[in-house]
Amino acid sequence: MKAVVYDKAGLSIDDPRALYDAELPRLEPGARDLLVRIDAIAVNPVDSKLRLGVQPPGPRVLGWDAVGIVEAVGAEVEWFKVGDAVWYAGDITRQGSYAEYGLVDERIAGHAPRTLSAADAAALPLTGITAWELLFDRLRIPEGGGQGQSLLIIGASGGVGSILVQLARKLTGLTVIGTASRPETQQWVRERGAHHVIDHSVALQPQLAAAGIAQVDHVISLTHTDSYYTQIVELLKPQGQLALIDDPATLDAMPLKRKSISLHWEFMFTRSMYRAADLAEQHRLLERVAALIDEGVLTTTVGLHFGEMTAANLRLAHAALEANKTVGKIVLERG
């Protein structure tokens with residue numbers, strides 16, 4: 001099958017070998033696997049991090065967001081059949097989705113939304129799972145709950161932030177505050193439903209005070225947590241909650257003690273990496289998100305479409321991600 005791969009970590013994305021076209025062996029599904037003909041994908045920061053920092057034993061296919069059609073199923077598959085349109089964010093321990101075909105355990109796949117194109121749907125699996133788990137599993141905000149409480153989302157215009165703002169606004173009673181630093185990204189966050197948008201390139205507290213918010217109950221930090229950490233601790237109420245997804249070089253938890261602030265990490269690959277007992281929760285989550293999209297509650301978070309899924313276009317997509325100037329998600333489609 002055709003695929004886009006890398007085989008040497010750390011190469012500049014300007015190097016043609018950073019991502020290149022290759023031919024790989026045909027895939028065969030395991031007992032609970034779906035063999036999916038991939039129609040569209042999205043790129044994520046984790047793709048770039050792996051390409052730059054993890055040396056693979058051989059050609060590795062990156063990418064885990066995918067939308068496509070089931071072409072074959074394993075002997076023990078229960079929830080899908082050949083011909084189903086599916087979406088998934090995959091398993092970081094397996095080959096990814098920059099390819100003609102992919103394998104995914106049915107317990108971490110869902111039926112794709114009926115009302116979105118493949119490209120528009122591809123923007124959502126990884127970030128949708130991450131945002132859902134942050135809000136409902138890590139912070140344990142109940143659906144329909146959170147009235148009288150506030151949530152500050154740092155980095156709200158990115159892929160995770162774009163769907164997290166929607167989930168918090170549509171499915172909870174939280175007051176949602178998002179941060180973004182440019183006029184176009186601030187407008188994007190407002191359009192996703194944030195009650196307030198503030199600029200994370202300047203001090204946060206005066207902007208919150210101007211909006212009538214002295215302190216917040218919850219903070220979800222999606223980027224540069226180490227840069228905002230002191231402000232986060234100051235802004236959180238006693239017994240508040242901090243959740244994050246990025247990779248600060250260090251994180252001293254001691255400043256959280258006096259306020260009894262709880263700290264929560266989210267990594268959406270945890271369930272699949274460790275074959276968690278509740279692995280199928282991601283199947284149910286994706287089914288629920290698809291239903292919410294088809295009901296018009298949630299919308300796609302596509303920011304840029306980079307055309308066909310070729311090595312050249314994927315290098316351009318990685319370059320855009322690494323420049324930290326994107327809004328929403330970057331998607332590509334099978335030619």
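## Aspartate 217 and its surroundings

Let's start inside the fold: if neighbours within four places in sequence are left aside, aspartate 217 is in contact with Gly148, Gln149, Ser150, Leu236, Lys237, Gly240 and Gln241. The model is a predicted one, so keep that in mind as you look around. Aspartate 217 belongs to strand E12, which covers residues 216–221. With a relative accessibility of 14%, aspartate 217 counts as buried, because the cut-off for that is under 20%.

The buried residues of H7 pack against E12, strand E9 (150–154), helix H6 (204–210) and strand E13 (236–244). H7 itself runs over residues 225–235, and its buried residues are Thr225, Tyr228, Tyr229, Ile232, Val233 and Leu235. Around the axis they cover an arc of only 150°, which puts them on the same side of H7. On the other side of H7, the exposed residues are Ser227, Thr230 and Glu234.

## Helix H5 and its partners

Helix H5 also has a buried face. Thr185, Gln186, Trp188, Val189 and Arg192 are buried in H5. Looking down the axis of H5, these buried residues fall within an arc of 155°, so they line one face of the helix. Their packing partners are H4, strand E10 (175–179), strand E11 (196–198) and strand E15 (302–308). After H5 comes glycine 193, with a positive phi near 120°.

How do H4 and H5 meet? Helix H4 (residues 159–171) and helix H5 (residues 183–192) pack at an angle of about 35°, and their axes are 8 Å apart. H4 contributes Ser162, Val165 and Gln166 to the contact, while H5 contributes Trp188, Val189 and Arg192. By type, the residues of this contact are three nonpolar, two polar and one charged.

## Domains and cores

The protein is divided into domain 1 (2–125 + 299–333) and domain 2 (139–265). Taken over C-alpha atoms, the centres of domain 1 and domain 2 are separated by 29 Å. Contact between the domains involves eleven residues of domain 1 and eleven residues of domain 2.

The largest nonpolar core has 93 residues, and the ones with the most contacts inside it are Leu34, Trp87, Tyr98, Leu135 and Leu314. Domain 1 and domain 2 both give residues to this core, so it lies between them. Apart from it lies another core, of 19 residues, including Leu152, Ile177, Leu204 and Leu235. Leu235 is also one of the buried residues of H7.

## Around helix H3

Leaving aside its neighbours within four places in sequence, leucine 135 is in contact with Arg140, Ile141, Leu151, Leu164, Leu167, Ala168, Thr172 and Leu174. Glutamate 133 lies in helix H3, residues 125–138. Is glutamate 133 buried or exposed? At 1% relative accessibility, glutamate 133 counts as buried. Not counting residues up to four places away in sequence, glutamate 133 touches Arg138, Glu266, Phe267, Met268, Arg271, Gln282 and Leu285.

## Loop residues to check

Arginine 140, one of the contacts of leucine 135, lies in the loop between H3 and E9. Arginine 140 is exposed, with a relative accessible area of 66%. Phi of arginine 140 is positive, near 55°, in a residue other than glycine. Serine 260, in the loop between E13 and strand E14 (262–265), also has a positive phi near 55°.

Aspartate 199 sits in the loop between E11 and H6. Aspartate 199 is buried, with a relative accessible area of 17%. Beyond residues up to four places away in sequence, aspartate 199 touches Ala180, Ser181, Gln186, Leu204 and Gln207. Of these, Gln186 is among the buried residues of H5. Between aspartate 199 and aspartate 137, 62 residues apart along the chain, the C-alpha separation is 28 Å.

Terms used
Residues are numbered from 1 along each chain as its sequence is written. This is a predicted model: local features need pLDDT of at least 70, side-chain atom pairs count only at pLDDT 80 or more; totals for chains, interfaces and linings use all residues. Side-chain values use heavy atoms; hydrogens and water are left out. Axes are lines fitted to C-alpha atoms, for helices over the stretch in contact, and angles run from 0 to 180 degrees between N-to-C directions. Helices (H or I, at least four residues) and strands (E, at least two) are DSSP runs, numbered from the N terminus. Contact means heavy atoms within 4.5 Å. Ala, Val, Leu, Ile, Met, Phe, Trp, Tyr, Cys and Pro count as nonpolar, Asp, Glu, Lys and Arg as charged, and the others, Gly among them, as polar. Buried means under 20% relative accessible area, exposed over 50%, partly exposed in between (1.4 Å probe, protein chains only). The arc is that of the directions from the helix axis to the C-beta atoms. A nonpolar core is a set of buried Ala, Val, Leu, Ile, Met, Phe, Trp, Tyr and Cys residues joined through side-chain atoms within 4.5 Å. Domain bounds come from an automatic or database domain assignment.
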